[in-house]
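Visitor: Hello! Could you walk me through this structure, one question at a time?

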Amino acid sequence: MALRTGDKKSLYVAQKNGIVKKVTLGKPISVSGTNVIDLSDRVRDNGEQGLLGIAFNAAGTKLYAYWSNSNHDNGVYEYPFANGVADKSQQRTVVAIPHPTYTNHNGGNIAFGPDGLLYIGTGDGGGSGDPNGNGQNPTSLLGKLLRIDAGNPAATVQIVDLGLRNPWRWSFDKAAPHDLWIADVGQDTYEEIDHVAANTTGANFGWNQREGLHPYNGGAKPANNVDPVFEYTHADGSCSITGGYVYRGKKIAGLAGSFVYADYCLGNLFAFNGTTATPLNVHVDSPVSFAQDTNGELWVLSQNGGVYRLLKKKA
């Protein structure tokens, strides 16, 4: 889900099949019959591939989309936006991300940071254990957090942080100093939450030498290693972390300052307060993404077809 400047009553929801819908808030909430954009003729929607992330520039005049193509590669593309629709005939490639060998671990979250640059999360390229070693390869765009001046056609992509397995969802904190929180999907045993200041560069989150707080296949901590601030195991049936935002809304006072996340298999939501994770006693089937509206309130997106708003439980 993405928000657009000056459009406070609308939410823009990306479907994995390549279609973006506009949701208008009100009583009742309505979904526009006109697609914002339909990229289904270009997007490869298979397994973990598809339309995986969208974002608007600060002016609301450009829509950016991260999607997988028929060659199994990923990329970020720009589309002019006006009168409620994005023009796919004027598609411009912002960055192409080769993704050879495997089809899983595509990452896909994109968001503009407090510096005005577009940040991009990429998976390690797939395969069990990162067999191609992309996470620790400083020349590969895979297994990284990237950034680029998206509106400048001459700009080149930069590697901000490395050592990620599949940072499927991550976010900036709305409150100063706009810290970055990353929910990185683990291998067989541990799921992790990483946390760094927004102006931090060169952090190495350890994969594939580390899984969570532990050596992976005997790996040692790499240079500039940043350990996760929290991890959990698969012992209870968990399988894949879905981030997540630090709650900065006003409707649920007890959540203030906590990072809210979920697990795809369990479907349960949790709040991490910097020390411990507390169950919220809220369940969403197959939660694949979170979103934050202009008031700091949180939304949860389900792969089973639902878009939900997180509210305070009535007494």
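Guide: Gladly, and please keep in mind that this is a predicted model.

Visitor: Is strand β16 largely enclosed or open to the outside?
Guide: Strand β16 covers residues 190-196, seven residues in total. Buried here means under 20% relative accessible area. Six of the seven residues are buried, so the rest of the structure leaves β16 largely enclosed.

Visitor: Which residue in β16 is the bridge partner of W181?
Guide: Strand β15, made of residues 180-184, runs antiparallel to β16 and is joined to it by five bridges. The two strands form a hairpin, with five residues between them. Within β16, the bridge partner of W181 is H195.

Visitor: And which residue in β19 is the bridge partner of Y190?
Guide: Strand β19 spans residues 230-233 and runs antiparallel to β16. Four bridges join β16 to β19. In β19, Y190 has as its bridge partner T233.

Visitor: Stepping back, how many strands does the protein chain have?
Guide: The protein chain has zero helices. Its count of strands is 26.

Visitor: What is the radius of gyration of the protein chain, and how does it sit with the globule rule?
Guide: For 315 residues the globule rule gives 20 Å. The value for this chain is close to that, so the chain is as compact as a globular protein of that length. Its radius of gyration is 18 Å.

Visitor: What share of the residues of the protein chain count as buried?
Guide: The same cut-off of under 20% relative accessible area applies to the whole chain. Of its 315 residues, the share that count as buried is 52%.

Definitions and conventions
Residues numbered from 1 in each chain as written. Predicted model: local features only at pLDDT ≥ 70, side-chain atom pairs only at ≥ 80, totals over all residues. Heavy atoms only, no water. Rg over C-alpha atoms; globule rule 2.2 N^0.38 Å. Buried < 20%, exposed > 50% of the residue type's maximum accessible area, 1.4 Å probe, protein only. Pairing = 2+ DSSP bridges.
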